[in-house]
2 protein chains.
Amino acid sequence: MKKPLILVTNDDGITAPGIRKLISIMNDFGEVVVVAPDGPQSGKGHAITIEDTIRCDKVTIDNGPQTEYSCSGTPVDCVKLALNKLLTRKPDLCVSGINHGSNSSINVIYSGTMSAAVEGALDSIPSIGFSLLDHSKEADFSEGEKYIRKIVSSVLESSLPEGVCINVNIPKSIAGIQIKGMKVCRQAKANWEEEFDERVDPKGRKYYWLTGKFVNYDKGEDTDERALENHYVSVVPVQYDVTAHHAISTINNIL
Amino acid sequence: MKKPLILVTNDDGITAPGIRKLISIMNDFGEVVVVAPDGPQSGKGHAITIEDTIRCDKVTIDNGPQTEYSCSGTPVDCVKLALNKLLTRKPDLCVSGINHGSNSSINVIYSGTMSAAVEGALDSIPSIGFSLLDHSKEADFSEGEKYIRKIVSSVLESSLPEGVCINVNIPKSIAGIQIKGMKVCRQAKANWEEEFDERVDPKGRKYYWLTGKFVNYDKGEDTDERALENHYVSVVPVQYDVTAHHAISTINNIL
């Protein structure tokens with residue numbers, strides 16, 4: 001039997017420890033092709049590059065068996081380039097991450113990591129985004145590894161429903177507390193309260209840094225935030241049909 | 001009674017004819033503040049600027065009564081800056097557009113125009129994205145104007161359901177064919193078939209331009225694509241909860 005073809009990408013850039021870990025795990029499951037950004041692309045959402053050119057070069061980063069391309073574009077550009085230019089056959093799986101930091105709840109719509117997975121799903125490829133709730137470059141990915149292996153193995157075996165990818169978040173490693181298991185959840189209703197850090201440049205002109213505080217408004221028991229708080233891996237099925245079907249009749253009445 | 005406060009943004013940039021038209025219409029409905037990108041930000045989806053600084057300067061573009069800010073960031077950055085830094089009270093309405101080109105069906109997830117409206121909805125502001133199916137800089141926005149006025153007037157009067165904004169697409173003006181009315185629809189299942197235009201730079205290194213062909217796979221009668229084909233204005237309610245609720249039990253079985 002042919003080995004499964006696995007496309008790997010992320011939004012932290014091709015040299016980030018999270019994607020290096022994911023590549024090493026994926027090498028046990030199939031033939032791996034990496035197409036990932038040449039630098040940080042966090043918070044790029046579903047952005048694509050249409051006003052500018054895209055560079056994409058074959059690179060060697062470690063001595064693993066995978067093939068790798070480093071790309072100047074966004075995570076979604078990477079998936080599009082892989083599927084339409086670089087790969088010779090359709091991949092059996094697309095995995096994105098492991099993201100350094102949470103992509104739970106509302107973060108899913110800002111996340112380049114998750115948008116890459118959504119783009120895979122758009123082309124009917126079983127797709128998974130993995131994130132660890134730890135921003136540190138020295139983050140410990142080891143505890144989540146067995147869950148990543150279990151999820152990848154299940155998805156390669158059973159696929160995923162059409163039009164759906166999954167958003168997997170892994171709790172931060174805390175000494176003395178073990179991950180309790182996995183929970184399939186819905187996206188919590190949460191938001192960012194932004195504060196713009198206003199500064200003045202050496203020429204006297206104002207500029208801003210975007211900063212913010214995450215606020216979870218959702219008291220539900222079935223959310224990703226709740227699962228993560230209770231030290232479970234959260235798994236949220238994510239779709240690209242953003243129609244608010246339940247609101248169609250209300251909008252009909254309003255207009 | 002206080003005049004409604006209306007935030008206006010777009011993704012084609014603050015000088016694009018589409019936003020200038022929208023500003024002139026909105027001036028009839030309330031006090032208008034424009035916070036829009038200083039250049040093209042099409043296809044930026046829900047991207048935010050976190051690895052770089054943001055510039056935002058007060059500008060005067062025409063002699064209208066509106067206040068305007070030109071911003072170096074993405075459409076979503078513009079909304080965040082407006083709500084958290086520039087406006088002194090919460091706006092009663094957020095409108096984005098008029099986009100030069102369609103944001104129907106799958107385009108909604110790539111669109112900076114629509115992501116700005118989604119960001120407004122995230123802050124519980126009634127929000128609308130307007131797009132015209134004509135990319136031309138000389139596009140004729142006049143036929144859609146009465147629908148824009150009707151929709152804005154209805155939304156100011158009745159608001160929108162919590163967590164929902166609306167995606168309004170207006171057919172291209174064709175001599176001899178009048179717009180037939182408005183239809184509230186769901187997002188059609190469609191996609192882009194990409195082709196990367198591969199070129200070689202003067203130094204002999206490869207680069208790519210993203211190009212593609214839009215393909216509608218959806219034969220449904222209730223889609224935005226169908227409404228637009230039949231020369232109706234399409235209105236799709238859009239939500240930021242991207243959980244595929246219908247897939248939760250299937251995923252539970254798979255994992």
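This is a predicted model: local features need pLDDT of at least 70, side-chain atom pairs count only at pLDDT 80 or more; totals for chains, interfaces and linings use all residues.
## Basis of the model

Local features require pLDDT of at least 70 and side-chain atom pairs count only at pLDDT 80 or more, whereas totals for chains, interfaces and linings use all residues. Residues are numbered from 1 along each chain as its sequence is written, and chains are lettered from A and ligands numbered from 1 in the order in which they are written.

## Chain A

The secondary structure of chain A consists of seven helices and 11 strands, taken as DSSP runs (helices H or I, at least four residues; strands E, at least two). The C-alpha trace spans about 55 × 50 × 50 Å along its principal axes. For 255 residues, a compact globule would have a radius of gyration near 18 Å, and the 19 Å of chain A agrees with this; the radius is taken over C-alpha atoms, and the rule is 2.2 Å times the number of residues to the power 0.38.

Of the 255 residues of chain A, 52% are buried, meaning that 20 or more other C-beta atoms, placed from the backbone, lie within 10 Å of the residue's own.

In the interface, 63 residues of chain A are in contact with 63 residues of chain B, contact being C-beta atoms, placed from the backbone, within 7 Å. Of the interface residues of chain A, 100% are also interface residues in chain B, so the copies meet through the same surface.

Methods. Two residues are in contact if their C-beta atoms, placed from the backbone, lie within 7 Å. A residue is buried if 20 or more other C-beta atoms lie within 10 Å of its own, exposed if 12 or fewer, and partly exposed in between; C-beta atoms are placed from the backbone.
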